[in-house]
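Please describe the strand and helix packing in the structure shown here. A short report under topic headings is enough.

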Amino acid sequence: MNVLVCISHVPDTTSKINFVENNTKFNTGGVQYIINPNDEFGLTRAIWLKEKQGAQIHVVHVGSAMADPTLRKCLAIGADKAFRIDTPAIDGGAVAKELAAFVTANSYDLIIAGRESIDYNGSMVPGMLAGLLDIPFIPNCVGLEINGNEAVAEREMDGGREKLKGTLPIVIGGQKGLVEESDLKIPNMRGIMQARQKPFEVIAPQQASAATQDVLYEKPAPKADVKLVPADDIDQLIELLHKEANVI
Amino acid sequence: MSVLLFAETENNTLKRNAAEVASYAAALAKSLNTNSLAVAFNADNAQDLGQYGISKVYNIINAPEQFDANVYAHALSQYISNTNATHIVVSSSADAKFLAPLLAAKNNAAYVPNAVALPNKLEPLTVKRTAYTNKAFVHTELDAEINIIGVGNNSFGTVEQFVDCVVENDSPEHTASNLDQVSMSKETGKATIADADVVVSGGRGLKGPENWHLIEDLADVLNAATACSKPVSDMGWRSHDEHVGQTGKPVSTNLYIAIGISGAIQHLAGVNASKVKVVINNDPEAPFFKAADYGIVGDAFEVVPALTEKLKAFKAQS
Ligand SMILES: Cc1cc2nc3c(=O)[nH]c(=O)nc-3n(C[C@H](O)[C@H](O)[C@H](O)COP(=O)(O)OP(=O)(O)OC[C@H]3O[C@@H](n4cnc5c(N)ncnc54)[C@H](O)[C@@H]3O)c2cc1C
Ligand SMILES: Nc1ncnc2c1ncn2[C@@H]1O[C@H](COP(=O)(O)O)[C@@H](O)[C@H]1O
């Protein structure tokens, strides 16, 4: 079984978010980049498939060399081979088109992406990829079992869960639940040494065109100070919520 | 040119979010000087969309009973081409976020989710949406022939404007599903985090699962959904479905009440899109107070029952 894990490379949540060039570009200065948390759950699930079901695990990223340390980390965690499609990730559609061409050329049985990237929270790439390949897609995935050529996966929906079954190849959008945090693999010395020997290919893009373009960033207006209400004057809070905030 | 809305249904009834998304679609159609149409699946009350400015609804009456993203995306694509739809409006529900990327891929469309307002420019179509997990906004241009906008929950609001609404019941041919449902579990009759106007959320400050009646009683009075911080679900005090924040469910509700939650950046990131935030915490230095609109410094075990009682009285007389 060949498994592809799509890796997005995002600022750590605690990073300060700032913009430059008249608020048209994200300021990467001083920002710590990490593997998108949703993808980390997916990668660990993939490595279980390797350990228990003998799968071959590839990771892929569409973007610049800035993400190379992240891809090396994926190799150190246990992926067998890394690919970077060398083109800036302009929008979800263009990334999905690059990935679709890559998947078609290499044939994978299972494609694990994340529920969303925590930078734009788009939840776009996995669904678009499945749509382009015309294969089944299961988002918000909190459980996955592969038996032969069949996948059974559970998705979280608003107010519940749905378990779905489909024939491989399939795309999933994974998140916590696929594995738990305590299951996440941390690269050890041996893994890091081995990663240096593992194949890492940089490949030429399709030059897929983007349909959207981010033109301007804005920070939320600074927040007014909190209005504190004494603990023994709850009527005042109710009054404020009713008359001032208009929410009850 | 026309604006086409995907109106979501559940148990053959329009979902609550259909009103907001319809209001958005109608306002967009008005600014484009064109029609606002909707496609709904098995909606017994499809004509209600007329209250929010939708003039025509194609109601598909032979759709699978359960939402099926691939089948729905195929069906919607037919209406997009039949009506020459150029602007598609969807919600930000879990189902809409499932469907929209498939729809975009099938129609070579541009798609942006989490829009917070009507487009601020029509040529090129430019939409403001949240980015960096609510720490910023980005203005995005969409320049495909078909453009899909996902409207953030509670970001636009509902606007009533009655128009005559024609409902056409259709039975189009469906593609086969590429997934089979094995099982589904869904709490019925309970407000969900995605749909509720109010969310009451508890953190580690509540000390243990046995104290959650405080949260539930308050939520009951407000007809609110209940939520929790990540450690609370990690420790198994509450089910994972209630975990909100950066790695949990996003919350963008009208009123978010945080009780015994410190306000860590990963928690705030996921709930900051909520309009009004109330914090109850016994530590005046808790970071959440900086992100809150209203706060009470006090012991949850005293403040919350008192708040619940007072709200009951308030609801009874209003
Ligand atoms: C990668 C990553 C992702 C994360 N994602 C999330 C996420 O999605 N969601 C999330 O919530 N967290 C997330 N976290 C965890 C986050 O950093 C915090 O640890 C967590 O939010 C703290 O939960 P808490 O506020 O319930 O607990 P605490 O931080 O322990 O806060 C408890 C609060 O209760 C107050 N308190 C105590 N007793 C009382 C009382 N009697 N009355 C009133 N108040 C009282 C205390 O003053 C304190 O402020 C993430 C962390 C990481 C590293
Ligand atoms: N540039 C990228 N390269 C590879 N995979 C990506 C990239 N961007 C997004 N993805 C995948 O798509 C998922 C959802 O991302 P997004 O659509 O950006 O919210 C991520 O969790 C990744 O698995």
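The report below covers a sheet, the helices on it, a strand in chain B and a helix in chain A.

The model is predicted. One of its sheets is open and has 6 strands, in the order β15(A)-β18(B)-β17(B)-β16(B)-β14(B)-β15(B), with parallel pairing. At its edges are β15 (227-228) of chain A and β15 (225-228) of chain B, each of which pairs on one side only.

Within this sheet, strand β16 (residues 255-259) of chain B runs parallel to strand β17 (residues 276-281) of chain B, and 5 bridges join them. Ala258(B) has Val279(B) in β17(B) as its bridge partner.

## Helices on the sheet

Helix α4 (residues 213-222) of chain B packs on the sheet and touches β14 (198-202), β15 and β16 of chain B. The direction of α4(B) makes about 175° with that of β14(B). Helix α8 (residues 300-317) of chain B lies across β16, β17 and β18 (294-297) of chain B, at about 135° to β17(B).

The two helices also pack on each other, at an angle of about 20° and with their axes 9 Å apart. α4(B) and α8(B) are therefore roughly parallel to each other, and their crossing is left-handed. Residues of α4(B) in this contact include Leu214(B), Leu218(B) and Val221(B).

## Strand β6 of chain B

Strand β6 (residues 87-90) of chain B is covered on both faces. His87(B) and Val89(B) are buried on one side, and Ile88(B) and Val90(B) are buried on the other. In a regular strand, side chains alternate between the two faces of the sheet.

β6(B) pairs in the parallel sense with strand β1 (residues 3-7) of chain B over 3 bridges, and with strand β11 (residues 147-151) of chain B over 4 bridges. His87(B) stands opposite Val3(B) and has Asn147(B) in β11(B) as a bridge partner.

## Helix α3 of chain A

Helix α3 (residues 92-106) of chain A has 15 residues. From first C-alpha to last it reaches 21 Å, close to the 21 Å expected at 1.5 Å a residue. Just after the helix, Ser107(A) takes a positive phi of about 55°.

Buried residues in α3(A) include Gly92(A), Gly93(A), Val95(A), Glu98(A), Leu99(A), Phe102(A) and Val103(A). Among the elements that cover the buried residues of α3(A) are β1 (2-6), β6 (56-62), β7 (81-85), β8 (110-114), α4 (125-133) and β13 (200-203) of chain A.

Key:
Residues are numbered from 1 along each chain as its sequence is written. Chains are lettered from A and ligands numbered from 1 in the order in which they are written. This is a predicted model: local features need pLDDT of at least 70, side-chain atom pairs count only at pLDDT 80 or more; totals for chains, interfaces and linings use all residues. Side-chain values use heavy atoms; hydrogens and water are left out. Two strands pair if DSSP finds at least two bridges between them. Contact means heavy atoms within 4.5 Å. Axes are lines fitted to C-alpha atoms, for helices over the stretch in contact, and angles run from 0 to 180 degrees between N-to-C directions. The expected span of a helix is 1.5 Å times one less than its number of residues. Buried means under 20% relative accessible area, exposed over 50%, partly exposed in between (1.4 Å probe, protein chains only). Angles under 35 degrees count as roughly parallel, over 145 as roughly antiparallel, 65 to 115 as roughly perpendicular and the rest as oblique. A crossing is left-handed if the near helix is turned anticlockwise from the far one by less than a right angle, and right-handed if clockwise.
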